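Subject: Structure handover

Hello,

Please find the structure below, together with its sequence. My notes come after it.

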Amino acid sequence: MSKALVVVESPAKAKTIEKFLGKNYTVKASMGHLRDLPKSQFGVNLENGFEPKYINIRGKGDLIKSLKGAAKNADIVYLATDPDREGEAIAWHLAHILNIPEQTTCRIEFNEITKTAIQQAVKNPRPINLPRVYAQQARRILDRIVGYKLSPLLWRKVRKGLSAGRVQSVAVRLICDREKEIQAFTPEEYWTIIAKLKEKTNSKAFDAELVAIDGQKSAINSELQAQSIVSELIQAEYIVSDVKKRERKRNPQPPFTTSSLQQEAARKLGFTSRKTMIIAQQLYEGLTIGRMGQVGLITYMRTDSTRVAEIAQQEARNYVEKKFGLNYLPAKAPTYANKKSQDAHEAVRPTTLELTPDAVGTSLNKDQLKLYTLVWERFIASQMTPAIYDTLTIEITAGRYKLRSTGSQIKFPGFLAAFSGAIGKSKEVEQTADSDLDKETTLPALLAGQVLKLNKLDPKQHFTEPPPRYTEASLVKVLEEKGIGRPSTYAPTIETIVDRGYVERIEKKFHPTELGFLVLDLLKQYFNKILDVEFTAGMEDKLDDIAEGDVSWLTVLEEFYAPFAQDLSLAEEAIGHVELPVEVSDVPCENCGQMMVVKQGRYGNFLACPGFPACRNTKPILKDTGVKCPKCGGSIVERHTKRRRVFYGCEKYPECDFNTWDMPLKENCQVCGAYMIRHKFKNGGFSSICSNENCSSRQAADSAETAANVEEKEVQAKAKKKPAANRRKNNG
């Protein structure tokens with residue numbers, strides 16, 4: 001039988017695939033791109049049809065030599081790079097390096113790394129899809145033009161190390177525009193009035209909110225107005241005017257796309273987009289699962305489609321029927337509309353439902369298991385029936401006032417049964433409620449005309465709030481909604497704007513820096529088209545058209561470059577040197593006495609002497625916790641290790657060597673009076689415990705943690721025994 005070489009992108013994937021294909025196949029990894037535009041030069045001939053200059057990437061010489069040798073010894077070569085435009089381009093470059101004619105059927109692709117999918121792919125090779133390659137090439141050249149023309153302009157006019165880009169600059173604009181909205185926001189006062197009512201004197205009270213006055217929606221704007229209403233409501237008679245009972249359905253959400261996976265992982269797990277994609281890549285490429293060896297656990301994680309293969313839907317239906325029963329199984333498999341999707345790949349889902357989170361739990365690390373569980377439960381839920389709620393709305397009249405109370409109870413859990421609560425909703429992570437229906441409220445059975453007793457009136461003052469700053473999840477969501485970039489670009493885009501110092505993460509929210517505002521204002525003045533959201537989204541549509549073969553990549557580049565070159569020439573002449581605003585601190589330099597200024601570095605802000613280079617004194621900006629050092633009475637401040645891990649130590653270091661990994665809290669222990677700490681347990685949870693190890697409350701907390709760890713180990717030990725027992729049963 002002929003020998004075949006299969007080239008994939010990563011070595012982890014290579015191990016998994018080689019196991020599926022057998023001894024007549026050699027599987028090697030390209031480790032991503034082997035050819036690219038040169039870093040040291042522009043690399044695009046603008047005078048000759050935007051011809052790119054591709055070179056072999058430095059440091060890849062030995063790998064290229066190895067691949068060429070393997071290809072020479074093989075009877076046939078299959079290029080099995082990732083099933084997206086980037087993967088198609090890598091396959092095209094590989095074909096060039098290995099001297100494979102691009103029209104030959106050398107390209108195979110698969111959406112999941114399973115034995116069936118791999119063997120099926122090898123049986124159905126195809127030529128390289130050149131329109132996809134041209135779309136990737138057009139994006140690469142566009143980004144090279146913007147990056148290599150705009151970035152040097154910023155270096156000359158502002159400072160070295162800055163960058164600009166088609167997508168990253170628009171992302172910065174979104175964050176800066178939101179900050180301006182927040183700064184311009186004027187809060188307005190408003191009041192709500194809640195009446196606590198009872199059916200009878202000894203019955204349980206329930207809440208009803210004031211919703212209308214004289215038939216008009218209530219609008220209470222001052223304390224005086226609220227008190228006037230309260231005085232009338234105290235004297236009023238409360239009569240049930242209407243009782244509405246109805247059944248409401250809540251449909252499951254579709255299985256994950258790249259974007260929705262990043263958003264949900266940020267909300268429920270606190271993962272950055274970058275972390276989510278790294279872990280998803282590991283789950284896709286394959287992990288060692290007991291005696292099964294390397295197994296790919298999820299389908300390809302770069303997708304904008306919610307489509308699910310029929311075979312996967314049928315497997316899910318079989319699982320749901322067996323696990324939950326026929327009542328949880330829809331009459332036909334659900335399908336979900338793709339708002340604006342290339343629909344090239346399936347949604348992100350488990351490759352097989354035999355590998356439940358419980359079955360693989362001992363083979364994955366904590367973060368891998370969390371993300372896999374997220375994907376698993378979302379997919380199973382998407383194939384189940386809606387949840388059904390009984391809702392009750394009670395309208396109450398009190399003179400000229402109308403109040404309303406609403407309650408709901410789950411009548412049938414439907415798809416909610418798929419969620420184990422293993423991932424949960426951590427208090428440590430910013431959360432958004434999935435539905436108001438999730439908050440179950442029980443109301444008494446009342447009838448129209450029934451008179452209720454007033455127990456208490458609770459007027460509360462509120463102020464309207466500005467729009468919230470973007471979190472990782474909400475920024476990804478708005479980028480997707482506005483068509484800016486593609487799912488695969490969100491994570492690197494966010495990391496770039498943080499690394500460049502244009503924005504910073506503070507308590508998981510993005511805050512623009514002075515540098516971000518300055519660079520954005522400069523770009524808006526001379527390159528407003530590039531920063532226009534609609535223009536950027538329109539460019540993504542044009543790249544899609546190239547991939548579909550509907551438009552020439554050269555036409556798209558020509559239409560973009562002509563006006564851009566004019567703007568660039570104008571900006572070069574008009575912009576002088578821009579001085580960054582200097583923030584002066586209240587900390588004097590120990591060496592020369594000048595007040596130190598705030599500077600931005602690779603790892604965030606720090607203090608530096610303005611006398612540089614004559615005085616090179618720098619010091620970190622210390623964040624005070626507000627807790628006094630137990631050794632010397634100084635302040636405990638936040639510090640960082642060389643690897644940027646946070647710890648807490650005395651501000652008087654090195655005179656005082658106190659330090660701790662646990663964040664000190666301002667509260668004191670009620671038992672011994674020592675300060676409390678925010679302690680992270682081995683299971684990932686957090687709790688406030690006493691810092692004094694000899695305190696009885698601390699010892700009780702430590703004992704509880706030890707007991708929980710012992711119980712967890714016992715559960716894991718049982719889980720390890722189950723697969724072996726199941727195998728013996730199946731083989732018997």
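What follows is a summary of what was found, by topic.

This is a predicted model, in which local features need pLDDT of at least 70 and side-chain atom pairs count only at pLDDT 80 or more, while totals for chains, interfaces and linings use all residues. Residues are numbered from 1 along each chain as its sequence is written, and side-chain values use heavy atoms, with hydrogens and water left out.

Confidence

The mean pLDDT of the protein (pLDDT is the predictor's confidence in each residue, from 0 to 100) is 87, and 91% of the residues reach 70 or more. Over residues 424–433 the pLDDT stays under 50, and the model has 21 contacts for them beyond four places in sequence; contact means heavy atoms within 4.5 Å. Residues 723–732 also have a pLDDT below 50, with 1 contact in the model beyond near neighbours in sequence. Where pLDDT is low, the predicted coordinates should not be read in detail.

Nonpolar cores

A nonpolar core is a set of buried Ala, Val, Leu, Ile, Met, Phe, Trp, Tyr and Cys residues joined through side-chain atoms within 4.5 Å. Buried means under 20% relative accessible area, exposed means over 50%, and partly exposed is in between (1.4 Å probe, protein chains only). The largest nonpolar core has 85 residues, and those that touch the most other members are Leu79, Ile145, Leu150, Leu154, Phe527, Phe560 and Phe564. Helix 5 (residues 130–157) gives the most to this core, with 10 residues. Helices (H or I, at least four residues) and strands (E, at least two) are DSSP runs, numbered from the N terminus. Apart from this core lies another, of 64 residues, which includes Phe110, Val122, Phe256 and Phe379.

Not counting residues up to four places away in sequence, Phe560 touches Leu142, Ile145, Val146, Ile530, Phe535 and Met539.

Salt bridges

Side chains of opposite charge can pair when their charged atoms come close. The structure holds 35 salt bridges, each being a side-chain nitrogen of Lys or Arg within 4 Å of a carboxyl oxygen of Asp or Glu.

Arg166 and Glu540 form one of them, at 3.7 Å from N to O. Because Arg166 lies in helix 6 (residues 166–184) and Glu540 in helix 17 (residues 533–547), the pair ties together parts that are 374 residues apart in sequence. Both Arg166 and Glu540 are buried.

Arg486 pairs with Asp544, and their closest N and O atoms are 2.5 Å apart. Arg486 is in the loop between helix 13 (472–481) and helix 14 (487–499), whereas Asp544 is in helix 17, 58 residues apart. Both Arg486 and Asp544 are buried. Elsewhere, salt bridges that share partners join Glu88, Arg107, Glu109, Arg126 and Arg132 into one network.

Within that network, the closest N and O atoms of Arg107 and Glu88 are 3.1 Å apart. Arg107 is in the loop between helix 3 (85–97) and helix 4 (115–123), and Glu88 is in helix 3, 19 residues apart. Arg107 counts as buried because its relative accessibility is 0%, and Glu88 is also buried, with a relative accessible area of 0%.

Thr105 lies in the loop between helix 3 and helix 4. Thr105 is partly exposed because its relative accessible area is 44%. Leaving aside neighbours within four places in sequence, Thr105 is in contact with Pro125, Arg126 and Pro127.

Backbone

Most residues other than glycine have a negative phi, and most peptide bonds are trans. Phe50, which is not a glycine, has a positive phi of about 55°. Phe50 lies in the loop between strand 4 (44–45) and strand 5 (51–52), and counts as buried at 5% relative accessibility. Asp214 also has a positive phi, near 55°, and is in the loop between strand 9 (206–213) and strand 10 (216–217).

A cis peptide bond joins Phe612 and Pro613, with omega about 10°. Pro613 is in the loop between strand 21 (604–608) and strand 22 (618–620). Tyr653 and Pro654 are likewise joined by a cis peptide bond, with omega about 10°, and Pro654 lies in the loop between strand 25 (646–650) and strand 26 (659–660).

Regards
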